[in-house]
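The following exercises are to be worked from the sequence and the coordinates. Each task is followed by a stepwise solution.

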Amino acid sequence: MIDSTHSERKACAEDASRSSSTRSDQSQGNDKFPDGPWSVFLVFLRLGMTSFGGPIAHLGYFRSEFVERRRWLTDRDYSDLVALCQFLPGPSSSQVGMALGLGRAGWPGLLAAWAGFTLPSAMALILFAYGVGQYQDLARSGWVHGLKIVAVAIVAQAVWGMAKSLCPDRPRATLAVLAALLTLILPTASGQVAAIVCAGVVGRWMLEPPQPPGGRAHAYPISRKTGVVALCLFALPLAGLALWAAFSGSSMAALLDGIYRSGALVFGGGHVVLPLLQSAVVPSGVVSSADFLAGYGAAQAVPGPLFTFAAYLGTIADSTLNGWRGGLAWLALIFLPGFLVLAAALPFWESLRRRPGIQAAMAGINAGVVGILLSALYDPVWTGAIHGKADFGLALAAFGLLVFGRLPPALVVLLAGVAGWAMAG
């Protein structure tokens, strides 16, 4: 009788163990049978067509899809991945998507995730650029002016939100103000780079480092050797294109340098790409200030990453590399550094995330980019869009709808376009 009871208990324990193992396999998203690149592409294509609201909203969509619904990874692993991509330069939500694709289907999965999430908005902006380029009256129309005005509200909202999270104390707020002043005094790409470097150095030595995270980071299929190669490939164009442009005087070299640098030096959010791209294309006359702001406003009305704004600029650019081919080339070039730096950091993230000096430097850099974006809010965004009381009133109303009304950005963009058309009439 005792032996029979013992056997029953043992059988129940084995059943519970098998059930627990099954739940564990499900919580890992059945990693023994990973999806192929095509499946990854289709999942991210749907997200690329529906993910409105900017990078923070994108991360929420990703968590709902891949942690809660598909269970590709645990909540802690996802949080670690988000922390890494926020730490790195580049488009954070796109980098999270690339890493998810990499973990699911290897390198082809990474490319599939990027293409699916990026191409819908890129194609929409390329088509918009053809409309602006073919019909010059369109660029001067009232509804396009409304797009320029809503860009003021959207950048102001970005400054507002980033300042609250990245500059919560007096030292970091001071760094942001100083970075804004520096970029106003030196409104060039070198001024922006100087502001980022100075903020990082000051942060390294003067800011209190955050508490290091606990646990271990999730492992991704990239060796340290591959990471070192990716880091070298990231740094080579950053230095090489700048030297080529400086010594050759080539306008094409300067343009390629500006696009690559814009993707390589974005910290703190996709909106920071605005001043970097503006300094690369507007002063040289490759894209007019009016067309630049119109495209930036239109970029708020499409889903997916804000970096696809480069596809619009490449299409409308007054250079030998333009049209849809230029749009796709600029799109690939601006995302390239974010991909390379992600591949370089993933194998080393476990050691990097625990170094207080790096955490403090990043806190300083994040404060500095708030200042750069604040400077861009004045020039070119404000100076290019606000020409009177009516323009200011529309910008103020759009800001209120975004920040206090919490309306979707796409809806606010639509309303601003209609208001601009009505004001012109």
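**Exercise 1.** Which residues in H11 are buried?

The model is predicted: local features need pLDDT of at least 70, side-chain atom pairs count only at pLDDT 80 or more, and totals for chains, interfaces and linings use all residues. Residues are numbered from 1 along each chain as its sequence is written, and side-chain values use heavy atoms, with hydrogens and water left out.

Step 1. Locate the helix, a DSSP run of H or I with at least four residues, numbered from the N terminus. H11 covers residues 251–264.

Step 2. Apply the criterion: buried means under 20% relative accessible area (1.4 Å probe, protein chains only). The residues that pass are Ala-253, Leu-255, Asp-257, Gly-258, Ile-259, Tyr-260, Arg-261, Ser-262, Gly-263 and Ala-264.

Step 3. Count them: 10 of the 14 residues in H11 are buried. For the protein chain, the buried share is 51% of 425 residues.

**Exercise 2.** State the span of H11 from its first C-alpha to its last.

Step 1. The expected span is 1.5 Å times one less than the number of residues; for H11 it is 20 Å.

Step 2. The model gives 20 Å, close to that expectation.

**Exercise 3.** Which atom of Ser-250 reaches the backbone nitrogen of Met-252 at the start of H11?

Step 1. A side-chain oxygen of Ser-250 lies within 3.3 Å of the Met-252 nitrogen.

Note on methods: Helices (H or I, at least four residues) and strands (E, at least two) are DSSP runs, numbered from the N terminus. Buried means under 20% relative accessible area, exposed over 50%, partly exposed in between (1.4 Å probe, protein chains only). A polar contact is a pair of N or O atoms within 3.5 Å; within protein, one must be able to donate a hydrogen and the other to accept it, and residues adjacent in sequence count only if both atoms are side-chain atoms.
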